Amino acid sequence: MKVAFFSTKPYDYQFFEAANQAFGHELVFFEPRLTLETTPLAAGFPAICGFVNDELNASVLAVLARQGTRLIALRSAGFNHVDLTAAKKLGLTVLRVPAYSPYAVAEHTVALMLSLNRKVYRAYNRIREGNFALEGLLGFDLHGLTVGIIGTGKIGQIVAKIMSGFGCHLLAYDLYPSAEAKALGVQYVTLPELFSQADIITLHCPLTPENYHLINADTLSRMKPGVMLINTSRGALIDTLAVIESLKSGQVGYLGLDVYEEESDLFFEDLSGQVIQDDVFARLLTFPNVIITGHQAFFTRNALERIAEVTLANISDFEQGVSSPNEVTVEQHKK
Ligand code: NAI
């Protein structure tokens with residue numbers, strides 16, 4: 001099948017071309033992000049392949065459908081950026097890669113926790129400048145602390161397993177508590193209970209209209225003073241302005257982000273020669289107790305191999321009329 005890839009980087013080309021040896025699709029790689037302005041690039045392509053910051057809103061989908069596209073093959077697990085109601089109306093099928101390496105994201109989550117706690121990023125710079133002083137690098141034992149996990153799906157459960165290895169108590173909140181998570185020692189509680197008891201709170205639920213700004217001024221005020229907050233899920237789960245206020249007051253003691261609500265204008269590009277125009281993001285960068293990575297939690301060799309294989313298999317299934325468990329529907333979205 002002829003597929004137009006958007007938001008592509010050299011690593012997409014490398015992993016997809018290698019995996020495509022087994023599929024034989026016709027892959028065309030475009031660097032620009034999919035927006036209303038770039039939709040003409042997709043003309044004549046029955047399938048397009050998009051990533052997390054491609055715009056798949058109703059107007060873009062309408063143009064794609066008019067141009068003959070029938071399949072939206074996401075090379076991501078998250079699908080919050082797709083207007084599924086519009087896709088359904090337009091007869092567009094949406095497929096995703098539900099799991100490629102939950103380990104990649106879970107391990108990066110723990111990397112953020114450890115770096116923030118033991119200030120590895122500050123120590124790295126100090127030592128290079130010949131500064132061997134320890135002041136300002138004081139950490140704490142993870143052993144015995146309480147970790148609150150919001151969303152105990154594939155990634156949340158692996159985080160639970162790792163943190164259990166550190167000797168942490170595990171609290172969790174999920175709309176659908178899982179027996180597997182309970183077997184790992186996770187105790188399900190209400191959100192207010194999780195907010196008031198956890199020393200570390202980590203987000204692993206999808207972004208939905210219901211949980212937009214789940215972390216806001218009110219919920220932040222219910223947390224333990226000095227809490228560590230980690231978000232490797234989706235940026236808009238956190239109200240960034242509210243978290244900045246909490247960082248200023250000390251209510252939030254540590255913040256680790258791999259995602260940011262306005263990331264689409266920043267992430268995945270080398271902007272080092274430019275002035276960053278986003279003042280909220282720039283403020284976040286000024287805190288010594290904040291680490292931001294640019295949506296790289298998924299970025300392991302294993303994950304990229306799997307993403308390419310599953311995406312191309314999804315496209316083959318669609319081409320052959322095979323119904324796929326990887327289809328995303330409005331009904332599922334509401335579950
Ligand atoms: P999953 O579908 O296995 O698990 C999600 C869990 O969240 C489910 O148990 C679900 O019941 C629960 N949930 C749904 N709505 C909720 C709510 N309002 N409150 C609490 N729990 C809720 O998904 P998986 O694979 O664990 O991924 C989780 C999220 O991680 C994805 O939705 C995506 O946004 C993010 N992600 C981030 C990546 C990165 O590179 N930073 C890469 C891959 C995923």
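How many nonpolar, polar and charged residues does the shell around the ligand have? The shell has ten nonpolar, eight polar and four charged residues. Here Ala, Val, Leu, Ile, Met, Phe, Trp, Tyr, Cys and Pro count as nonpolar, Asp, Glu, Lys and Arg as charged, and the others, Gly among them, as polar.

A word on the source. This is a predicted model: local features need pLDDT of at least 70, side-chain atom pairs count only at pLDDT 80 or more, and totals for chains, interfaces and linings use all residues. Residues are numbered from 1 along each chain as its sequence is written, and side-chain values use heavy atoms, with hydrogens and water left out.

Now the contacts. A polar side-chain atom of Lys154 lies 2.8 Å from an oxygen atom of the ligand. For Ile155, a backbone N or O atom lies 2.8 Å from a ligand oxygen atom. At Ser233, a polar backbone atom is 3.5 Å from an oxygen atom of the ligand. The ligand alone exposes 870 Å², and the protein buries 87% of that. Those areas come from the Shrake-Rupley method with a 1.4 Å probe.

Most residues other than glycine have a negative phi. Ser7 is not a glycine, yet its phi is positive, about 55 degrees. Ser7 is buried, at 15% relative accessible area (buried means under 20%, exposed over 50%, partly exposed in between, with a 1.4 Å probe and protein chains only). His295 also is not a glycine and has a positive phi of about 55 degrees. His295 is buried too, at 8% relative accessibility.

Key: Polar contact = N/O pair within 3.5 Å; in protein donor to acceptor, adjacent residues only side chain to side chain.
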